[in-house]
Amino acid sequence: MTDNLVYNPRLDSLQTDGRTSGTPDDRWAFTNRTPHMNYGTAISLAAASRALKDYNPELSKEALRVARFIWDDEHNHQANPEEQTYSGRFSNPEFMKSIECRAAFELWRSTDYEGYKTRMNELLPTLLEQFNRNASVIAQMIPFMDNAFKKQVRPLVEAYAGELAEVDKENPYGVRISTAGWAGNRNIVQACITNYLLHRSYPELINPEYIYRGLNYLYGCHPCHNLSFVSGVGAQPKKVAYGSNRADFSFIPGGVVPGIRILNPDFPENREDYPFLWSENEYVIDLAASYIYLVNAVNSLLK
C-alpha cells in the first residue's frame with residue numbers, strides 16, 4: 001500500500017510536492033495470517049539452511065533461526081483459530097497436517113531436535129491414510145526412517161505403482177495431463193520427481209520410465225505441437241512466453257511454461273502467437289527449479 005510517492009521526512013504527513021510526500025508508506029505490506037504459507041516458508045528455509053551451511057554459514061544460521069521462529073509462532077497461535085485465514089483446500093485439516101508434518105521433518109533434519117521428530121511421527125498416520133495425496137512428502141522421509149517404516153509403506157507404494165500403470169490408458173504420453181483451467185506441466189514434473197524419490201527406495205516397484213516421461217513430455221512429446229516447453233532447450237524450443245518484462249513477448253533461456261491446456265470438450269491448446277494466456281505461457285519460477293531437479297534426477301539414473 002503506497003501513495004506512489006517517495007517518502008520525504010521534511011514534509012508533514014499529508015503534504016506532497018508532486019514527487020515526494022510526508023506519508024511514510026514505502027515498502028509496507030499488509031498480509032493475512034496463512035498457516036500453510038508460513039509452514040511452507042519454514043520448510044524452504046530449514047532446507048536452505050542445510051544447502052547454505054558451507055557456502056554461506058551466516059545466512060544458513062539466519063535461515064534456520066527464522067524457520068524455527070515460524071514453527072514456534074504457528075504453534076503459539078493454534079489456540080486462536082480466529083486469527084488464522086484459510087481458503088479452499090487450505091481449510092482442509094488433512095492438507096494442513098501434511099504441510100506441518102513436512103515442516104517438522106525439515107526442521108528435524110536441520111537440527112536433530114527430537115521435538116520435531118515427535119510431532120512428525122504424530123502426524124504420519126494421517127498422511128499414510130491418504131498416501132497418494134502425500135506421496136511426495138512420504139517419499140522424502142523414507143531414507144531417514146527405520147526399516148519398520150519402509151516395510152509399512154511398501155504395500156502403499158505397490159498400490160501406487162499399479163495406479164501409475166493405469167495412466168498409460170489415459171493418453172499416449174504416459175503422464176496425467178491436466179484438464180483444469182491451468183495447464184499441467186507443474187503437476188507432471190512434480191509427479192515424476194515423486195516417482196524418482198520412490199524409485200530410490202523401491203527400485204523394484206517403480207519403473208524409471210515413469211520418471212523419464214516427464215522430460216519426454218516437456219521436450220515435445222505432447223499434444224498440440226512438438227515444441228519444447230523449456231525455452232532454449234530441445235530441438236524446437238518455446239520462443240513465445242510471458243516473462244518478467246511482462247508487456248512484451250519474452251524469451252528467457254531455461255524458462256518453463258505451464259504447457260497444454262485442455263479446452264472443452266477435448267481440445268488441446270498452447271498458443272505460440274499470443275503469450276498473454278498465463279495459464280499456458282507464463283514462465284513459472286518454481287516450475288523451472290523443479291525442472292532442474294528432474295533433469296538432475298534423470299542424469300543420476302542414466303549416469
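**Legends to the close-up views**

**View 1. Helix 5 and helix 7 cross with left-handed geometry (the near helix is turned anticlockwise from the far one by less than a right angle; clockwise would be right-handed).** The model is predicted: local features need pLDDT of at least 70 and side-chain atom pairs pLDDT 80 or more, while totals for chains, interfaces and linings use all residues. Residues are numbered from 1 along each chain as its sequence is written, and side-chain values use heavy atoms, without hydrogens or water. On helix 5 the contact (heavy atoms within 4.5 Å) is made by F131, A135, S136, A139 and Q140, and on helix 7 by T194, L197 and L198. Five of the residues in this contact are nonpolar, three are polar and none is charged (nonpolar: Ala, Val, Leu, Ile, Met, Phe, Trp, Tyr, Cys, Pro; charged: Asp, Glu, Lys, Arg; polar: the others, Gly among them).

**View 2. R213 sits in helix 8.** This residue counts as buried, because its relative accessibility is 17% (buried is under 20%, exposed over 50%, partly exposed in between; 1.4 Å probe, protein chains only). Leaving aside residues up to four places away in sequence, R213 touches D168, Y173, G174 and V175. In the protein chain as a whole, buried residues account for 43% of 303.

**View 3. The peptide bond from N264 to P265 is cis.** Its omega is near 0 degrees. P265 belongs to the loop that runs between strand 3 (261-263) and strand 4 (267-269). These elements are DSSP runs numbered from the N terminus (helices H or I, at least four residues; strands E, at least two). The protein chain has ten helices and four strands, in the order β-β-α-α-α-α-α-α-α-α-β-β-α-α.

**View 4. C224 has a positive phi although it is not a glycine.** The value is about 85 degrees. C224 is found in the loop between helix 8 (209-218) and strand 3. With a relative accessible area of 44%, C224 is partly exposed. Most residues other than glycine have a negative phi, and most peptide bonds are trans.

**View 5. K303 follows helix 10 (285-302).** K303, which is not a glycine, has a positive phi near 55 degrees. K303 is exposed, its relative accessible area being 87%. From the C-alpha atom of K303 to that of W278, 25 residues away along the chain, the separation is 36 Å. For scale, the C-alpha atoms of the protein chain fill a box of roughly 70 × 55 × 40 Å along the principal axes.

**View 6. Residues 81-87 have pLDDT under 50 throughout (pLDDT is the predictor's confidence in each residue, from 0 to 100).** The model has 13 contacts for this stretch beyond four places in sequence. Where pLDDT is low, the predicted coordinates should not be read in detail. Over the protein chain the mean pLDDT is 90, and 94% of residues reach 70 or more. Among the chain's contacts between residues at least 6 apart in sequence, 61% join residues at least 24 apart.
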